[in-house]
Amino acid sequence: MAGDGEKKPKLEMVQADGAQEDCVTFVMHDEDHTLGNSLRYMIMKNPDVDFCGYTITHPSESKINFRIQTRGGVPAVEPLQKGLSDLHQVCQHVLNTFQAKVNEYKEREEKPME
Amino acid sequence: MAATGSNVEEIRNLVVLEEFGVKNVHTTDFPGNYPGFQDGWDMKTFQKNFRIDVVHLDENNIEFDMVGIDAAIANAFRRILLAEVPTMAIEKVFIYNNTSIVQDEVLAHRLGLVPIKADPRLFEYKNIAEEFGEQEASEIDTIQLQLKIKCSRNPRASKESSDPRELYLNHIVYSKDINWVPLGNQADVFADSRIGAVHDDIVIAQLRPGQELDVVMHCVKGIGKDHAKFSPVATASYRLLPDITLMEQVEGEKAERLKRCFSRGVIDLEDVRGKKVAKVVNSRLDTCSREVLRHKDLKNLVKLGRVRDHFIFTIESTGSLPADVLMQEAIKVLMAKCQMLLNELSSAGTQ
């Protein structure tokens, strides 16, 4: 990406000759099983996705190869975007529920003392 | 094992613990795997089935149940709690005088591992500029601490005593001897919070009369991935809820033996028409030792398993942040990762 200088691109796509839109391997830098497995789960839940998997190419390098193959001619970036935003929404919901329950617990603990 | 009608529910929901192995470990409820099931991602179904129950909460510990989520995401939270929630820890140790028996590098290593009570959310990461080698410590990214202590002979000790506590003053350097030196406007910003070591009684070094330590330390913000001293949790772990089903009624002496195979409180003996009958009271307390499967006559009476989407989280904090705040920060870290990738995708798309 122009003008980035030392900063490595976070996300790349492995380009191959004769590449189609629907089978793409993404390379994500500075990521590991934390995002890889949870993202894989969210994308697998998408009925348009034929294949989804990730590998850590070498344990000494912190990058993952994330492959998505879709069916029905859907471009592979779409399930990736949907998976990421779904995961974001899941985290938001978990955060809201967790905060609500913790506050509820703290209030319940204070009540007997009143 | 083929997914026939009767055991489909079991394959989808339960991890089965058998005598020689564990079955149905992986998540299989993806779209297309089971005919007749709608397994595509549906936010509403997730929100309906998802719940969190806080079992225990105090300043440094939290135990809560997370039900209705997949292992991939629960594990992501656990990994983030261990390695990617930032904390403040001592990074640079400037040793002006160390005449103790502890070597400089060993002392510096020990100081780095001392948990520091400072809210990492109020600090920035330090920029590592290669060109200068030594960056100025600014008030926004560094906490400066000082340890200056000298051991001396106690003039009031009696002649015959051999107890070091009586003979010497300051002969053990504790973490409470670490003092905070406010930089810039830190004195005003952190006027009411006590910045220093979390615990007062961590032994750092031992001294004898004449030995002294004069050390200045800089704390920076970091994550556990970089060095384990930055990990905010003593540990964070989860286990799945055990599931114990009795296949037939067990009574009398067999029930007594069955009760002893499980952890205390899991199985209770009820009095039914004069006979003692075993009943599963609280499977949550079980440690799943599978002891019952070692007894020939008892192993076919029970079915052991774990509920695949019910996670019992235990988080113990080292003290820099309360345990419930740590979980919230971990969830925010995962959200930030997703957001960053989404931004990359959208900026790559517009190019």
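These legends accompany several close-up views of a predicted model.

**View 1. Chain A at a glance.**
Let's start with the overall make-up of chain A, which contains two helices and four strands. Following the sequence, these elements come in the pattern β-β-α-β-β-α. Chain A has 114 residues, and 42% of them count as buried. Among its contacts between residues at least 6 apart in sequence, 50% join residues at least 24 apart.

**View 2. A:Asn96 in helix 2 of chain A.**
Here we look at A:Asn96, a residue of helix 2, which covers residues 77–110 of chain A. Its relative accessible area is 40%, so A:Asn96 is classed as partly exposed. For a sense of distance, pick out A:Ile64, which is 32 residues away from A:Asn96 along the chain. The C-alpha atoms of A:Asn96 and A:Ile64 are separated by 30 Å.

**View 3. Helix 3 of chain B and its N-terminal cap.**
Helix 3 of chain B is made of 13 residues, 71–83. From first C-alpha to last, this helix reaches 18 Å, close to the 18 Å expected at 1.5 Å a residue. At the N-terminal end sits a cap provided by B:Asp70. A side-chain oxygen of B:Asp70 lies 3.0 Å from the backbone nitrogen of B:Ala72. B:Ala72 itself is buried, and other buried residues of the helix include B:Ile73, B:Ala74, B:Asn75, B:Ala76 and B:Phe77. Further along helix 3, B:Ile80, B:Leu81 and B:Ala83 are buried too.

**View 4. The loop residue B:Lys229.**
In chain B, B:Lys229 belongs to the loop between strand 14 (212–222) and strand 15 (233–246). Is this lysine buried or exposed? B:Lys229 counts as buried because its relative accessibility is 17%, below the 20% cut-off. A polar atom of the B:Lys229 side chain lies 3.0 Å from the backbone oxygen of B:Ile90. Setting aside neighbours within four places in sequence, B:Lys229 contacts B:Ile90 along with B:Ala89, B:Glu91, B:Gly112 and B:Leu113.

**View 5. The loop residue B:Gln211.**
The loop joining strand 13 (203–206) to strand 14 of chain B holds B:Gln211. With 18% relative accessibility, B:Gln211 counts as buried. Which residues does B:Gln211 touch, not counting those up to four places away in sequence? They are B:Thr99, B:Ser100, B:Ile101, B:Ile149, B:Lys150, B:Cys151 and B:Gln206.

**View 6. The largest pocket, with lining from chains A and B.**
This pocket has a volume of about 590 Å³. Its lining comprises 21 residues, and those nearest the centre are A:Tyr41, A:Lys45, B:Asp29, B:Asn49 and B:Gly68. At least two lining residues come from each of helix 1 (33–44) of chain A and, in chain B, helix 1 (8–13), helix 2 (43–49) and strand 18 (302–317). The most is given by helix 2 of chain B, with three residues. By type, the lining has six nonpolar, seven polar and eight charged residues.

**View 7**
To finish, here is the one cavity of 30 Å³ or more in the structure. The volume of the largest cavity is about 40 Å³. Residues B:Cys261, B:Phe262, B:Asp286, B:Cys288, B:Ser289, B:Arg290, B:Glu291, B:Val292 and B:Leu304 line this cavity. They split into five nonpolar, one polar and three charged.

Methods
Residues are numbered from 1 along each chain as its sequence is written. Chains are lettered from A and ligands numbered from 1 in the order in which they are written. This is a predicted model: local features need pLDDT of at least 70, side-chain atom pairs count only at pLDDT 80 or more; totals for chains, interfaces and linings use all residues. Side-chain values use heavy atoms; hydrogens and water are left out. The expected span of a helix is 1.5 Å times one less than its number of residues. Buried means under 20% relative accessible area, exposed over 50%, partly exposed in between (1.4 Å probe, protein chains only). A polar contact is a pair of N or O atoms within 3.5 Å; within protein, one must be able to donate a hydrogen and the other to accept it, and residues adjacent in sequence count only if both atoms are side-chain atoms. On a 1 Å grid over the protein atoms alone, a cavity is a set of points where a 1.4 Å probe fits but cannot get out, and a pocket is an open set with protein on both sides within 12 Å along at least five of seven lines; lining residues have an atom within 4 Å of a point. Grid points are joined across faces, edges and corners, and a volume is the space filled by probe spheres set on the points. Ala, Val, Leu, Ile, Met, Phe, Trp, Tyr, Cys and Pro count as nonpolar, Asp, Glu, Lys and Arg as charged, and the others, Gly among them, as polar. Contact means heavy atoms within 4.5 Å.
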